[in-house]
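I opened this notebook to record what I looked up, one topic per entry.

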Amino acid sequence: MRSLSSPRPASHCEDTSSIELEIVELTPALRGFARRFLRSQDDVDDLVQETLVKALNSIQLYQPGTSLRSWLFTILRNTFCSNYRRRQREPVGMDVTMAQIAIAPSQEWALRERELRQALTRLSEDRRRALTLVAAGTTYEDAARICGCRIGTLKSRVSRARETLHTLLGNQLVD
């Protein structure tokens, strides 16, 4: 077994390009496998794309003579599991506990809703849009795509929007 730091033979470029062609040929099979995990075609496409990027970036780790299909399926499965765990750690939207909902009378909620709407109009358009998408349950990835920005930018916009609302509302709604 060759160590990862040892140089590859001169035919490395030829091997790599043939492996890359095989990877392209296996893309439909990857899509089929991804459908076992995800329902949305967009999510399937994203997962397959992320898998292909990881595979191509790590192509030097592939051991010729082993099953390329199994190697790719393993990358896809591990990528899905990592993304799933990440989504479980990163809550989407504003947290509202059942106790908060059960205690407040409807008149107070109507007043708070009006105050929230007024405060939302004071946010910049990009922050308001990011916050409302995430608060409505859109994933950060989808919201970033809709807003046409990177996920880090979107999270920053949401965070700043929440801070601004917190200040404008005097800690009433967003705690």
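Entry on the pocket. I note that the model is predicted. I looked up the largest pocket and found about 580 Å³ of space in it. Its lining consists of 18 residues. Nearest the centre I listed Asp 46, Glu 50, Asn 83, Arg 87 and Glu 141. I then checked which elements give two or more residues to the lining, and they are α2 (41-57), α3 (68-89) and α7 (140-147). The most comes from α2, with 6 residues. Sorted by class, I have 9 charged, 6 nonpolar and 3 polar residues in this lining.

Entry on α2 and α3. I looked up how these two helices pack: the angle is about 120 degrees and the axes are 9 Å apart. Angles of 65 to 115 degrees count as roughly perpendicular, so I put α2 and α3 down as oblique to each other. Their crossing is right-handed.

Entry on α6 and α8. Helix α6 covers residues 125-135 and helix α8 residues 151-168. I found an angle of about 95 degrees between them, with axes 8 Å apart. The two are therefore roughly perpendicular to each other. Among the contact residues I wrote down Asp 126, Arg 127 and Leu 131 of α6, and Leu 154, Arg 157 and Leu 165 of α8. The class tally for this contact is 7 nonpolar, 1 polar and 5 charged residues.

Methods
Residues are numbered from 1 along each chain as its sequence is written. This is a predicted model: local features need pLDDT of at least 70, side-chain atom pairs count only at pLDDT 80 or more; totals for chains, interfaces and linings use all residues. Side-chain values use heavy atoms; hydrogens and water are left out. On a 1 Å grid over the protein atoms alone, a cavity is a set of points where a 1.4 Å probe fits but cannot get out, and a pocket is an open set with protein on both sides within 12 Å along at least five of seven lines; lining residues have an atom within 4 Å of a point. Grid points are joined across faces, edges and corners, and a volume is the space filled by probe spheres set on the points. Helices (H or I, at least four residues) and strands (E, at least two) are DSSP runs, numbered from the N terminus. Ala, Val, Leu, Ile, Met, Phe, Trp, Tyr, Cys and Pro count as nonpolar, Asp, Glu, Lys and Arg as charged, and the others, Gly among them, as polar. Axes are lines fitted to C-alpha atoms, for helices over the stretch in contact, and angles run from 0 to 180 degrees between N-to-C directions. Angles under 35 degrees count as roughly parallel, over 145 as roughly antiparallel, 65 to 115 as roughly perpendicular and the rest as oblique. Contact means heavy atoms within 4.5 Å. A crossing is left-handed if the near helix is turned anticlockwise from the far one by less than a right angle, and right-handed if clockwise.
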